[in-house]
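Below is a set of questions and answers about one structure. Each answer sets a value against the definition behind the term.

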Amino acid sequence: MSILIDKGTRLLVQGVTGRDGAFHTQQMVAYGTRVVGGVTPGKGGEKIHGVPVFDSVAQAQSATRANATVIYVPAQFATDAIFEAADAGLELIVCITEGLPVRDTLSAYHHVAKLREQSGGRGPRLVGPNCPGLISPGLSKVGILPGQICKPGPVGVVSRSGTLTYEVVHQLTRAGLGQTTCLGIGGDPVIGTSFIDALTLFEADAQTEAIVLMGEIGGTDEEEAAHFIRRHVKKPVVAFIAGQTAPPGKRMGHAGAIIAGGFGTAAEKMAAFEAAGIPVARIPSEIPRLIAVALERRRSRRRAAPAARASNKQRAARRSSSAAGKAARRPKKSRPGAPRRGR
Amino acid sequence: MNLHEYQGKELFARFGLPVLPGQVAVTPEEARDIAASIGGAVVIKAQVQAGGRGKAGGVKLANSPDEAMSRARDILALTIKGLPVRKVLVTQAADIARELYLSIVLDRGRRMPLVMLSAEGGVDIEEVAHQSPERIIRYPIPLEGLRPYQARALFQPLLEDGSQVAQAADILLKLYRVYSDGDCSLAEINPLAITPQGRVLALDAKVILDDNAEFRHREWATWRDPDEETPGQRLAREMGLSYVRLEGDIGCVVNGAGLAMATMDLIKHYGGEPANFLDIGGSSNPEKVTAALKIITGDTRTREANGSAVPSVRAILFNIFGGITRCDDVANGIVQSLKTSPLQVPLVIRLTGTNEELARKILSDFGLSATTSMDEGVRAVIAKAQEVTA
């Protein structure tokens, strides 16, 4: 299992004839993604790496029954591409393009959100912009993440970065910790899919057993994610924040990575996770070990849980009926030194 | 891009916001002539992009053209927060009865523009935000835009006089157009001043532009102030590299912003001090690598010990995780760069990912080697830097 993409994903590539679009179409096809069509206005009828090209998303969609699209068009045209995909009824819109003006992203974000609301939550979902896309190892990849560093497994990964995600995924894979889906949500101040959206999906995904969340300086998405995890996520989460040494007021490459007005520091974000009982890796290479520990703890608890419930029942049966309710509760295990959730 | 106050006021005036007449001067004589043409009392304001200009002596009142000249001379000799003052704004002085704060900024959480308004104007708003956030009124602007009644409603609790409310609301509506049509990340008036006669004026302008929107604003190119950039920053901008100078002595060249930040953090974690943030971006060609090395080695600063400018970097780390970036491109860039200008400091290379083997071959043919682990690379570069120091 996975989130957002799997073997059933039928993908369009917007900007398929461009340099990046053509290259990554080839890469995605080689990985096994079902790329069913490409879109470049004025180039309908051509073929790129065996993929038929259409003049519009609507034409491509009706000819191919595509349900997802990935956007590689230049920044000036990317907003229009998002609108076109949303209006053509695509369920998943992944915008790789970076450099969109915030004003444009805002209009695209709210258009997609409106369509989604009108369709009762089944409408389009935007990932990005300025993101590496996502990969469900062994099933499908949409975007630019290198396929060879991933392997199937129980870890869900969500991140605001590109290459830092590769770094951590690579380390997870080498530690024998495969992934359900690795999702890059993008480094811009306004993005479609948030940490909270991704956490919700991973929490509901049966195969995902632990989650890695990689944030960075700027904004308050990480703090909100920490509050959300405390209340709504039962699966173990390990967090990492990039930019602990970043100076205030300077944009660190990503448009969204800036400590503004003294807000958005790595220290605040790390404190928010720690306050919610979520282990925070100080350096990327700590992440695999923290995940391995979390997985082991979750699995041993699951192994223990049915037995504990059974013995409690027996004990409860021997006791008076008035005490049965209390005794039947799962005993709280004390885990010295273990991070505790404030739940 | 951050605008100077005088540029921000030009932008404000274009959208019909009430700003007082003024002009920018680079010499004391120009300041005198501008003061004479304005007539009466003027204020001389240092044009540097730093807060706290007033406290640093960068804002002075002058009652005559000659006084304006001497004040301008004093201010042009100042350095405020490390920035030498190269320009002053000479503007008509105003009597102030009250000062408010007004700005529009992006609310990232709500994904909407946000009006921030406070009765505490003329002071450092960041301090107010931290100390007493309840004194700032926050109003998210609806998707359909801001309506006049909404703008009036925001000011009604703060201003008793109906005419002042109307003027302030008009300013807010125009400021929203500056923010939206002008593709700003921040449009701030601090103070929004009320004169004893009841006029409402934008006495300062702080504007940050969304660099991504430059393609639809040709005039922005003329606003870029070359004096605000170091040669390294200029080269970085021209080559499409993200570069931020820091205080340490370990240079780093990384592909990707998140990995670049994590590399800085790791250098610090293992006891070193990063000299910079530098992201060579996705599809890096050899020229970008050459430029990156030039920027880092060209970063000199004066050390107290002997008073001469010395390179601030004692060792350099490449941390490359190949995805779109091909490791062989980076290796070629390193080799080409070293052939033309050999490095004076040790170099540690970490490469992994796309075309890694090819890159290793290119490097080893040139007598260089590379590690595959980020932690190892960082520890190695710190050790090299310490050898240089010792």
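Q: In this predicted model, what makes strand 10 and strand 12 (residues 206-209) of chain B a pair?
A: Four bridges join strand 10 of chain B to strand 12 of chain B, in the antiparallel sense. Pairing requires at least two bridges from DSSP, so the two strands count as a pair. Within this pairing, B:Cys184 stands opposite B:Leu209.

Q: Which other strands of chain B pair with strand 10, and how do you know that they pair?
A: Strand 7 (residues 98-107) of chain B is joined to strand 10 by seven bridges and runs antiparallel to strand 10. B:Leu100 of chain B faces B:Leu192 in strand 10. Strand 11 (residues 200-202) of chain B pairs with strand 10 over three bridges, also in the antiparallel sense, and B:Ala193 has B:Leu201 opposite. At least two bridges are needed, so both cases count as pairing.

Q: What is found in the hairpin of strand 10 and strand 11 of chain B?
A: Five residues lie between the strands, and B:Gly198 takes a positive phi near 90°.

Q: Why is strand 10 of chain B called largely enclosed?
A: Strand 10 of chain B covers residues 184-194, and ten of its eleven residues are buried. A residue is buried if 20 or more other C-beta atoms lie within 10 Å of its own. Because ten of the eleven residues pass that test, the strand is largely enclosed by the rest of the structure.

Q: How many residues form the largest nonpolar core, and what makes it a core?
A: The largest nonpolar core has 155 residues. The term applies because a core is a set of buried nonpolar residues of listed types, joined through C-beta atoms within 7 Å. A:Ile82 and B:Leu278 have the most contacts inside this core, and helix 9 (residues 257-269) of chain B gives the largest share, eight residues. Apart from this core lies another, of 40 residues, among them B:Val115, B:Ile125, B:Ile171 and B:Ala205. In soluble globular proteins, nonpolar side chains tend to be buried together.

Q: Which residues is A:Ile82 in contact with, leaving aside its neighbours within four places in sequence?
A: The contacts of A:Ile82 are A:Ile71, A:Ile93, A:Cys95, A:Ala108, A:Val112 and A:Leu126. They count as contacts because the C-beta atoms, placed from the backbone, lie within 7 Å.

Q: What makes up the side of chain A that touches chain B?
A: In the contact, 44 residues of chain A meet 41 residues of chain B. Helix 3 (75-87), helix 4 (102-118) and helix 5 (163-174) of chain A each supply at least two residues of that side. Helix 4 of chain A has the largest share, five residues. The side divides into 20 nonpolar, 17 polar and seven charged residues.

Methods. Residues are numbered from 1 along each chain as its sequence is written. Chains are lettered from A and ligands numbered from 1 in the order in which they are written. This is a predicted model: local features need pLDDT of at least 70, side-chain atom pairs count only at pLDDT 80 or more; totals for chains, interfaces and linings use all residues. Two residues are in contact if their C-beta atoms, placed from the backbone, lie within 7 Å. Ala, Val, Leu, Ile, Met, Phe, Trp, Tyr, Cys and Pro count as nonpolar, Asp, Glu, Lys and Arg as charged, and the others, Gly among them, as polar. A residue is buried if 20 or more other C-beta atoms lie within 10 Å of its own, exposed if 12 or fewer, and partly exposed in between; C-beta atoms are placed from the backbone.
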